[in-house]
Each structure stands twice: as C-alpha cells, then as structure tokens.
Amino acid sequence: MRRPMVAGNWKMMGTRSEVEALSKSIVAGVSAISEVEMAVFPSFVYLDHIQKTFSGTQVAWGAQNIASERQGAFTGEVSAEMVAEFGCEYVLIGHSERRQYYGETDQIVAVKTMRAFEAGLKPIICVGETLSEREAGRTFSVVEGQLEAVLALENSNQTLYNAVLAYEPVWAIGTGKTATAQEAQAVHQCLRERVAKRDEKLAKALRILYGGSVKRDNAAELISQPDIDGCLVGGASLDGQHFLDIASLCNRSY
Ligand code: PEP
C-alpha cells in the first residue's frame with residue numbers, strides 16, 4: 001500500500017512573520033496525524049527557518065524549484081545541492097506555473113528530475129493539461145507526454161522509485177475549479193497504467209497526488225479514489241488549520 005501524502009505549496013506567498021506563524025500552527029496540530037506524510041514547500045529564503053521549525057517533527061519540507069545546472073555562473077539560480085543542505089527531502093519539479101511563466105519544457109523538467117536525484121532529493125514531478133487541451137480531448141496524451149520525458153531518462157526507474165507524481169490540471173490551480181474525483185481518478189489511472197507498462201512494481205508503489213483547488217470540502221472524496229494517494233495543496237495550505245484538516249481527511253491507514 002502507498003502511504004498518503006499531503007504537501008503544501010506556499011508559492012511566493014507570506015512575509016517572514018506570516019511564514020513563522022503558519023509553521024508554528026502546523027507544528028502545534030500535527031501530532032494528531034499519524035498515517036499521512038506531510039510536507040511543506042516554502043520559498044527558498046525561508047528554508048533555514050523551516051528546517052529549524054520542522055526538524056524532529058513528522059513534517060518534511062522541500063524547495064519549489066531547482067536549477068537545471070549543477071553549479072556555476074547562473075545568477076539568481078539555486079542548485080539542488082544547495083537546497084539539500086537545508087534538509088530538504090523533496091523538491092517540486094515542473095509545477096505548471098514554472099512551465100507556463102518560465103518556459104520550462106518537458107526536457108528541462110527531465111533534467112531537473114535528474115539533478116534532484118543526484119542531490120538525494122525526492123522529486124514531486126507535476127503534470128497537467130490546460131483548459132484548451134482538455135477541451136480538445138487531449139488530456140491523456142498531454143499528461144502521458146509529460147511523463148514520457150521523465151521515463152526517457154537513462155536511470156528513470158531508479159529515479160522514479162524515489163519520486164512522487166502530481167497531477168495538477170492547469171485550469172484547476174488557484175481557480176476554485178476542481179476536477180471531479182472521477183475526472184482526476186481517470187487521469188491518475190492512466191498515469192499509473194503508463195508506468196506499469198515499464199515496471200509494474202514501480203507503478204504499484206508510485207504515489208500520485210492530485211492538485212488543483214483542493215480544500216477541506218473536496219479532499220475526502222478525492223482521496224477515496226483508488227489511484228489518488230494524496231494532495232498537493234496551494235491556497236488552502238496557507239492556513240495552518242485548513243492544511244491540517246485536509247491532512248486529517250487523508251489520514252487513512254495504508
Ligand atoms: C498548486 O499550487 O500546486 C495548487 C494546486 O494550488 P491551489 O491548491 O491553490 O489550486
């Protein structure tokens with residue numbers, strides 16, 4: 001069985017004091033959640049604080065992005081090795097906001113997945129279709145194509161055993177529109193079946209999270225689907241109580 005996971009993507013949100021208060025509220029309530037793996041993804045500049053706050057708790061943390069280069073003259077970039085030094089266990093790779101606003105292609109996503117692997121970080125690889133792609137009936141081919149780029153990596157099996165996938169329909173991110181549990185399940189199943197063609201054991205072990213306007217009122221139905229192993233939460237993770245409540249709703253034994 002796959003351990004459920006609830007991850008909070010804090011994006012470029014919050015002042016230092018707000019991030020401190022948010023972290024504190026999560027630490028205060030987390031002991032009630034035993035089965036779910038929780039992780040938070042603050043901005044790079046707060047990683048030091050997050051490491052101090054969450055060390056010794058059951059909450060992991062990670063970066064929202066890493067550079068595709070290992071090191072060098074790349075002003076403004078942050079390497080996988082650098083974030084690993086702050087105790088990050090995970091890193092988000094290929095979030096749709098990176099793909100949309102910073103031109104991250106499937107190829108770049110694959111390279112960053114490699115960099116994460118080399119630095120001992122577990123990548124949470126995000127895939128998802130835009131509204132026009134969905135309306136054109138291309139949802140499955142788009143997400144499979146995005147996955148394919150990672151499967152094409154030389155050591156993809158080894159990498160994927162340490163990875164998590166996140167299906168995040170672009171049209172559902174930050175919009176208040178959620179895919180229905182059935183729509184999401186269909187895509188998760190498609191992704192798992194594609195991985196199973198490569199390696200059945202990996203497909204059974206691989207966690208696939210759903211993301212896109214997950215809230216307290218839809219988390220339970222989403223997690224009840226057989227191929228949905230948890231949630232990647234944006235907006236609702238900025239409220240400590242909401243984030244904990246979503247984690248409680250996913251707190252099933254595995
Ligand atoms: C996200 O940023 O990954 C996300 C899913 O955001 P939201 O929950 O706000 O839609």
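Start at the ligand and select His 95: one of its polar side-chain atoms lies 2.9 Å from an oxygen atom of the ligand, a polar contact in the sense of a pair of N or O atoms within 3.5 Å (within protein, one must be able to donate a hydrogen and the other to accept it, and residues adjacent in sequence count only if both atoms are side-chain atoms). Bear in mind that you are looking at a predicted model, where local features need pLDDT of at least 70 and side-chain atom pairs count only at pLDDT 80 or more, while totals for chains, interfaces and linings use all residues. Numbering runs from 1 along each chain as its sequence is written, and side-chain values use heavy atoms, with hydrogens and water left out.

A polar backbone atom of Gly 174 is 2.7 Å from a ligand oxygen, and a backbone N or O atom of Gly 234 lies 2.8 Å from an oxygen atom of the ligand. On its own the ligand has 290 Å² of accessible area, and the protein covers 97% of that (Shrake-Rupley method, 1.4 Å probe; for residues, only the protein chains shown count as cover).

Next, show the whole shell. There are 14 residues around the ligand, and the closest are Lys 11, Glu 168, Gly 174, Ser 213 and Gly 234; a residue is near if one of its heavy atoms lies within 4 Å. By class, the shell holds 4 nonpolar, 8 polar and 2 charged residues, with Gly counted among the polar ones.

Most residues other than glycine have a negative phi. Lys 11, though not a glycine, has a positive phi of about 50 degrees; find it in the loop between strand E1 (5–9) and helix H1 (16–29). Helices here are DSSP runs (H or I, at least four residues), as are strands (E, at least two), numbered from the N terminus. Ser 213 also has a positive phi, of about 55 degrees, and sits in the loop between E7 and helix H11 (219–223). Are these two buried or exposed? Lys 11 counts as buried at 17% relative accessibility, and so does Ser 213 at 10% (buried means under 20% relative accessible area, exposed over 50%, partly exposed in between, with a 1.4 Å probe and protein chains only).

All 5 of its 5 residues are buried, so E7 is largely enclosed by the rest of the structure. Side chains in a regular strand alternate between the two faces of the sheet. In E7, Arg 207, Leu 209 and Gly 211 point one way, and Ile 208 and Tyr 210 the other.

Which strands pair with E7? Strand E6 (residues 164–167) runs parallel to E7, joined by 4 bridges, and strand E8 (residues 230–233) pairs with E7 in the parallel sense over 2 bridges; pairing takes at least two DSSP bridges. Pick out Val 164 with its bridge partner Arg 207, then Tyr 210 with Cys 231. Leu 165 stands opposite Ile 208.

Carry on to E6 itself. Val 164 and Ala 166 point one way, Leu 165 and Tyr 167 the other, and all are buried. Strand E5 (residues 122–127) is parallel to E6, with 4 bridges between them, and Val 127 has Tyr 167 as its bridge partner.

Last stop: helix H12 (residues 240–249), where you'll find Leu 244. At 4% relative accessibility, Leu 244 counts as buried.
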